[in-house]
Amino acid sequence: MSTINTPCDLALDAVKALLPYQPGKPIDELERELGLTNIVKLASNENPLGPSLLVKQAIEKSIDEVSLYPDGNGFALKQALANKHGITSEMITLGNGSNDVLDIIARVFLNEGREAIFSEYAFVVYAIATQAVNATARVAKAKPLGGDDAYGHDLATMAELLTDKTAVIFIANPNNPTGTWLEPAELETFIASVSKHIVVVLDEAYCEYLQPETAFDSMQWLAHFPNLIITRTFSKAYGLAGLRVGYAVSQPAVADLLNRIRQPFNVNSIALAAAEAALSDQAYIEQSRELNQQGLQQLADGFDRLGLAYIPSVGNFICVEVGGNSADVYQGLLKQGVIVRPVAAYNMPRHLRVSVGLAEQNIALLEALETVLQGV
Ligand SMILES: *Cc1c(COP(=O)(O)O)cnc(C)c1O
């Protein structure tokens, strides 16, 4: 028997075993540490354009209301989302970022003895949310190296992990950090094959970045699949990462359960107003998508020039293979004032993830990378 002396001794074992989420390094922190200015941060898949003008105006207008509690039901934002997606408001669960809804999903459907399935190299929050509620993670091998779809989710291996304890399956499409993409037809066949009591979470944090020929409206699936939950966010293409707004869409009965444990005021009033304004600015989304497409190409061309392999990406980020000393390359880039994201925690120790920036930021990254690689 171990002795119990402090509250930490009583903490749940699953929580004690958690590795903390590692966020991208903040610009201020690097400024403090190295006394640098003009830092380029390409570490957290944020929109390099900054918020849209309509969002800034909406935020200004909402300032006078901060002494009041926000609308706990998010009526106006849900209405706008319902109109946009051709769904009803009762199908929506708002979150303090989509991270919040992923966590709510885990708390509603998982606990000790139940299993969640997700892919190797999938977004790390699935593992954290699963472990935090003492459930068991079943991690499916990704598509093998060598193929066009290396590192991508392998739906066949995910299906092999189904048991009578499976309660939730998490799928990110596109996936972060790999930028890989599952064809909608393949995904639909998979969802149709899963027992209807198992929740399938389709995390589409990056769907706004898909090119028109690839983009697919998964909301139409909700009518056929009572066990489907689609999650979206305002943090990436909509440019609101700092405000924390995301949402889940599901059939009303599922949304009702999610909303029961949602904290009543989990999305603040400024964020609600900003998200509603962001939804109305389709031109900003299109500009963001085009800028991203050019930036992906620019980075891919630059990596080709440097002789570096990368994982083809449809997101607003790309994983480049810098070799076994990726931690040194990461540190070297910091000294050059460029923050990227190590992905060793994803079991990708040879890669770094680079978010797509403005053209001049992408150039700064490529130049810094060239300098650093000459030195290591
Ligand atoms: C960034 C990201 C999210 C969510 O971020 P929030 O800021 O919490 O909305 C969700 N899923 C994936 C795959 C992401 O990369």
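Analyst: Phe234 is buried, at a relative accessible area of 0%; buried means under 20% relative accessible area, exposed over 50% and partly exposed in between, with a 1.4 Å probe and protein chains only. The model is predicted, so local features need pLDDT of at least 70 and side-chain atom pairs count only at pLDDT 80 or more, while totals for chains, interfaces and linings use all residues. Residues are numbered from 1 along each chain as its sequence is written, and side-chain values use heavy atoms, leaving out hydrogens and water.

Rings of Phe, Tyr and Trp (its six-membered ring) pair if their centres lie within 6.5 Å; planes under 30 degrees apart count as stacked, over 60 as edge-to-face and the rest as tilted. By this rule there are ten aromatic pairs. In one of them, the ring centres of Phe234 and Tyr247 are 5.9 Å apart and the planes meet at 45°, so the pair is tilted. Phe234 belongs to the loop between strand 7 (228–233) and strand 8, whereas Tyr247 is in strand 8, so the pair ties together parts 13 residues apart in sequence. Strands (E, at least two residues) are DSSP runs, numbered from the N terminus. Tyr247 also counts as buried, at 3% relative accessibility.

Tyr247 stands opposite Leu94. Strand 2 and strand 8 (residues 246–249) run antiparallel and are joined by four bridges; two strands pair if DSSP finds at least two bridges between them. From strand 2 (residues 92–95), Ile92 and Leu94 point one way and Thr93 and Gly95 the other, and all are buried. In a regular strand the side chains alternate between the two faces of the sheet.
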